[in-house]
Amino acid sequence: MKNRLERVKERIKETAIACNRPVKSIRLVAVSKTMPAEVVREAIEAGVTDLGENYIQEAKEKVHALATYPATWHFIGHLQSNKAKYAVRLFDLIHSVDSLKLAKELDKFAGKIDKIQSILIQVNVAREDSKSGVYVEGTVQLLREISRLENISVKGLMTMPPYFNAPEKVRPFFAALRELRDQIIKEAIPNVSMDELSMGMTGDFEAAIEEGATMVRIGTAIFGGRR
Ligand SMILES: *Cc1c(COP(=O)(O)O)cnc(C)c1O
């Protein structure tokens with residue numbers, strides 16, 4: 001795993017250099033879903049600082065088992081409003097907020113523990129029925145509503161493009177997310193920052209970096225195949 005991790009870091013670095021971006025402007029989120037705590041611990045010891053999880057129950061066990069390690073935890077899966085309470089306790093950044101209802105629940109539980117919860121807005125750029133996320137044209141309105149919530153801090157956008165197994169086919173969706181980000185910046189919505197673009201996975205992270213990703217979410221290339 002250490003070798004695979006080093007290789008991924010090397011590829012991130014090479015891509016950043018090739019497109020004139022500072023290597024440090026790209027954060028590697030190691031997606032550890034389905035991996036046991038032991039494996040996650042190895043990853044942290046090998047230098048992983050950020051971990052991505054998709055399921056609350058599974059993440060809870062790992063976050064607690066690894067509480068003494070200095071890791072940043074990202075929630076990247078679909079989040080149901082009735083799990084908001086746990087998500088707020090466990091995660092530093094929630095990438096997958098796509099409704100006011102969910103944001104309000106997160107705001108409520110964050111308030112109860114005196115936390116400002118950082119979130120990203122998940123955008124369904126390709127308008128796929130099977131995917132979560134707000135449509136591009138609904139994003140500004142959603143942001144205006146969420147920006148009024150006191151215990152929520154929006155940091156940017158996330159997307160999961162259609163899987164084509166061909167980075168050049170997903171590139172337009174990454175570019176569209178970046179363009180949406182630029183448009184939102186012009187709206188200057190109070191309490192909303194657009195520093196982060198979470199996009200790119202094992203099959204397409206180089207294209208995502210070229211299109212402006214600040215966070216790449218990589219599982220398979222680091223941990224190997226999932227069961
Ligand atoms: C599983 C997952 C990833 C990582 O996928 P890999 O192809 O294994 O790198 C990234 N983002 C989300 C939202 C995921 O669910």
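A pocket is an open set of grid points with protein on both sides within 12 Å along at least five of seven lines, and its lining residues have an atom within 4 Å of a point. In this predicted model, the second largest pocket is lined by Lys-9, Ile-12, Val-23, Lys-24, Ile-26, Arg-27, Leu-28, Gly-47, Val-48, Thr-49 and Asp-50. The ligand sits in the largest pocket.

**Ligand surroundings**

- The side chain of Thr-202 places an N or O atom 2.5 Å from an oxygen atom of the ligand.
- For the side chain of Asn-54, the distance from an N or O atom to a ligand oxygen is 2.7 Å.
- Gly-219 takes part through its backbone, where an N or O atom lies 2.8 Å from an oxygen atom of the ligand.
- On its own the ligand has 390 Å² of accessible area, and the protein covers 91% of that area.

**Largest pocket**

- The volume of the largest pocket, where the ligand sits, is about 420 Å³.
- Its lining comprises 22 residues, and those nearest the centre of the pocket are Lys-33, Asn-54, Met-160, Met-201 and Arg-217.
- By class, the lining of the largest pocket has seven nonpolar, 10 polar and five charged residues.

**Second largest pocket**

- The second largest pocket has a volume of about 200 Å³.
- Helix H1 (2-18) and strand S1 (27-31) each contribute at least two residues to its lining.
- Five residues of this lining are nonpolar, two are polar and four are charged.

**Cavity**

- The model has one cavity of 30 Å³ or more.
- About 40 Å³ of space lies in the largest cavity.
- Tyr-163, Phe-164, Asn-165, Ala-166, Pro-167, Val-170, Gly-203 and Asp-204 line the largest cavity.
- The cavity lining divides into five nonpolar residues, two polar residues and one charged residue.

Technical notes
Residues numbered from 1 in each chain as written. Predicted model: local features only at pLDDT ≥ 70, side-chain atom pairs only at ≥ 80, totals over all residues. Heavy atoms only, no water. Polar contact = N/O pair within 3.5 Å; in protein donor to acceptor, adjacent residues only side chain to side chain. Areas by Shrake-Rupley, 256 points an atom, 1.4 Å probe, with all protein chains shown as cover. 1 Å grid on protein atoms, 1.4 Å probe; cavity = no way out; pocket = protein on both sides within 12 Å on 5 of 7 lines; lining within 4 Å. Sits in = over half its atoms within 2 Å of the grid points. Points joined across faces, edges and corners; volume = space filled by probe spheres on them. Nonpolar A, V, L, I, M, F, W, Y, C, P; charged D, E, K, R; others polar. Helix = DSSP H or I, 4+ residues; strand = E, 2+ residues; numbered from the N terminus.
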